[in-house]
Amino acid sequence: MPAKPIPEGYHTVTPYLLVDGAAEAIEFYKKAFDATEKLRLPGPEGKVMHAEIQIGDSRVMLSDEFEALDAFGPKTRGGTTVPFCIYVENVDAKYAQALAAGGRETRPLQDQFYGDRSGTFEDPFGHQWTIATHIEDLTNEEISKRMSAMGQG
């Protein structure tokens with residue numbers, strides 16, 4: 001039987017995080033998001049060459065930084081270039097869990113004009129995460145109207 005083009009447990013797009021301290025990042029994601037470790041390939045000098053964790057129904061790949069590959073995380077580059085959004089059933093509980101695990105709040109948890117309740121934090125490794133629960137179904141027109149009413153449209 002031929003292999004599946006998209007392996008079991010993966011989606012079409014899989015984020016790949018580069019961090020200074022991949023082993024510590026894995027532990028943070030376990031505490032912040034109840035992530036489970038699926039794979040860890042050790043590299044030289046105690047570094048993680050490649051690892052995979054599961055957050056909800058999504059797989060995230062990560063590794064330590066490797067200068068020879070021009071593979072650097074957000075702290076080395078001076079800030080993240082790719083933020084993440086995670087939808088959960090209880091944003092209040094999960095957001096509090098992420099902050100208790102060591103996340104630094106950058107946008108407080110609140111109801112948003114576009115129908116989500118969300119908040120944003122930076123993890124100890126420089127990545128930006130928004131955690132959200134969808135609380136209201138709106139049309140694009142309703143979202144645009146609310147945005148205009150806020151002076152943002």
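What does the accessible surface of the chain come to, and what percentage of it belongs to carbon and sulfur atoms? The accessible surface comes to about 9200 Å², and 54% of this area belongs to carbon and sulfur atoms. The legends below describe a predicted model.

**Figure 1. Overview of the chain and its elements.** The predicted model contains 4 helices and 8 strands. Read from the N terminus, the elements follow the order β-α-β-β-β-α-β-α-β-β-β-α. Along the principal axes, the C-alpha atoms fill a box of roughly 55 × 45 × 30 Å. The chain has 153 residues, and 37% of them count as buried. Among contacts between residues at least 6 apart in sequence, 52% join residues at least 24 apart.

**Figure 2. Charged side chains of the chain.** The chain carries 15 positive and 24 negative side chains.

**Figure 3. The largest pocket and its lining.** The volume of the largest pocket is about 350 Å³. Its lining is made up of 18 residues. Nearest the centre of the pocket lie Ile55, Gly56, Ser58, Cys85 and Ile86. Strands β4 (58-64) and β5 (84-87) each supply at least two residues of the lining. The largest share, 4 residues, comes from β5.

**Figure 4. Leucine 18 and the residues around it.** Leucine 18 belongs to strand β1, which spans residues 16-19. Is this residue buried or partly exposed? Leucine 18 counts as partly exposed because its relative accessibility is 23%, whereas buried means under 20%. Leaving aside residues up to four places away in sequence, leucine 18 touches Ser63, Asp64, Ala71, Phe72, Gly73, Pro74 and His127. Glutamate 65 is 47 residues away from leucine 18 along the chain, and the C-alpha atoms of these two residues are separated by 5.8 Å.

**Figure 5. Glutamate 45 in the loop between β2 and β3.** Glutamate 45 is found in the loop that joins β2 (36-42) and β3 (48-55). With a relative accessibility of 81%, glutamate 45 counts as exposed. Most residues other than glycine have a negative phi. In glutamate 45, however, phi is positive, with a value near 60°.

**Figure 6. Aspartate 70 in the loop between β4 and α2.** Aspartate 70 lies in the loop between β4 and helix α2 (74-77).

**Figure 7. Alanine 149 in helix α4.** Alanine 149 is part of helix α4, which covers residues 140-149. Is alanine 149 buried or exposed? Alanine 149 is exposed because its relative accessible area is 70%. Along the chain, alanine 149 and alanine 98 are 51 residues apart, and their C-alpha atoms are separated by 32 Å.

Note on methods:
Residues are numbered from 1 along each chain as its sequence is written. This is a predicted model: local features need pLDDT of at least 70, side-chain atom pairs count only at pLDDT 80 or more; totals for chains, interfaces and linings use all residues. Side-chain values use heavy atoms; hydrogens and water are left out. Buried means under 20% relative accessible area, exposed over 50%, partly exposed in between (1.4 Å probe, protein chains only). Contact means heavy atoms within 4.5 Å. Accessible areas come from the Shrake-Rupley method with a 1.4 Å probe; for residues, only the protein chains shown count as cover. Lys and Arg count as positive and Asp and Glu as negative; His and the chain ends are not counted. The place of a charge is taken as NZ of Lys, CZ of Arg, CG of Asp or CD of Glu. On a 1 Å grid over the protein atoms alone, a cavity is a set of points where a 1.4 Å probe fits but cannot get out, and a pocket is an open set with protein on both sides within 12 Å along at least five of seven lines; lining residues have an atom within 4 Å of a point. Grid points are joined across faces, edges and corners, and a volume is the space filled by probe spheres set on the points.
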